[in-house]
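Q: I would like to learn how to read a protein model, one feature at a time. Could we go through it together?

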Amino acid sequence: MTLRALEATDAAAFQALRLQGLLAHPEAFASSWEEESAQPLEQVAARLAPRPDGLVFGAFQGDTLLGVAGLAREGLRKLAHKGWIWGVYVAPPARRQGGAEALLRHALDHARDAWGLRQVNLGGNTRNAAAHALYLKLGFESFGLERGFLRVGDAWHDEHQMVRHLTEPTA
């Protein structure tokens, strides 16, 4: 498995995988299939263009994109020590092979080593026990629970708010 930041040229593969995730697991994402399927490929490519405050990492087997994880940095000066992980998804045939863990470790390493971040936050649906267990394994700690975070149809979903400290804050 190869891990790397996605580029604009990966737009079609990213969009296909992202739409697959949004369709199969709408409760796992704040965005919806309806919203993102309407985005032109040029807009997706622009979203993937490397920026100093945001990247999407991909896990590849050969040329096939199997998983993704987004990493973004807070833009305000007083919050620039923090980032967040978003949009984690691994295609079903590649699950339980360490891809999600590898992607998240790669994102955390980048956050600490390349961006110098002190902490990374993420949110995860409380019903996704496998994801929650992975986040705990990687050192994330829960700091809150948002009830009714997401509504999919008539179902309400709660979300764990979690943080992973990369370095200890100093006074």
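Q: Is V120 buried or exposed?

A: First, a word on the model. It is predicted, so local features need pLDDT of at least 70 and side-chain atom pairs count only at pLDDT 80 or more, while totals for chains, interfaces and linings use all residues. Residues are numbered from 1 along each chain as its sequence is written, and side-chain values use heavy atoms, with hydrogens and water left out. Now the general idea: buried means under 20% relative accessible area, exposed over 50%, and partly exposed in between (1.4 Å probe, protein chains only). V120 has a relative accessible area of 0%, so V120 is buried.

Q: In which element does V120 sit, and what is it in contact with?

A: Helices (H or I, at least four residues) and strands (E, at least two) are DSSP runs, numbered from the N terminus. V120 belongs to strand 5. Contact means heavy atoms within 4.5 Å. Leaving aside neighbours within four places in sequence, V120 is in contact with L71, G83, W84, I85, L108, A111, F140, M162, V163, R164 and L166.

Q: What are the span and the buried residues of helix 1?

A: With 14 residues, helix 1 reaches 20 Å between its end C-alpha atoms, close to the 20 Å expected at 1.5 Å a residue. A11, F14, Q15, L17, R18, L19, G21 and L22 are buried there. The buried residues of helix 1 pack against helix 2, helix 3 (41-48), strand 2 (54-61), strand 3 (64-73) and strand 4.

Q: R18 is on that list. Why does R18 count as buried?

A: The relative accessibility of R18 is 8%, so R18 counts as buried. Its place is in helix 1 (residues 11-24). Beyond its neighbours within four places in sequence, R18 is in contact with F29, S31, E36, R47, W86 and G87.

Q: Which residues are partly exposed or exposed, for example H165, E141 and R96?

A: H165, in strand 7, has a relative accessible area of 31%, so H165 is partly exposed. E141, in strand 6, is partly exposed because its relative accessibility is 48%. R96 has 82% relative accessibility and therefore counts as exposed. R96 lies in the loop between strand 4 and helix 4, and its phi is near 60 degrees, a positive value in a residue other than glycine.

Q: How can I find pockets, and what volume does the largest pocket have?

A: Rolling a probe the size of a water molecule over the atoms shows where empty space is left. On a 1 Å grid over the protein atoms alone, a pocket is an open set of points where a 1.4 Å probe fits, with protein on both sides within 12 Å along at least five of seven lines; lining residues have an atom within 4 Å of a point. Grid points are joined across faces, edges and corners, and a volume is the space filled by probe spheres set on the points. The largest pocket has a volume of about 1,200 Å³. Of its 41 lining residues, A28, V88, N128, A131 and Y135 are the closest to its centre.

Q: Which strand gives the most to the lining of the largest pocket?

A: Strand 4 does, with seven residues.

Methods:
Expected span 1.5 Å × (residues − 1).
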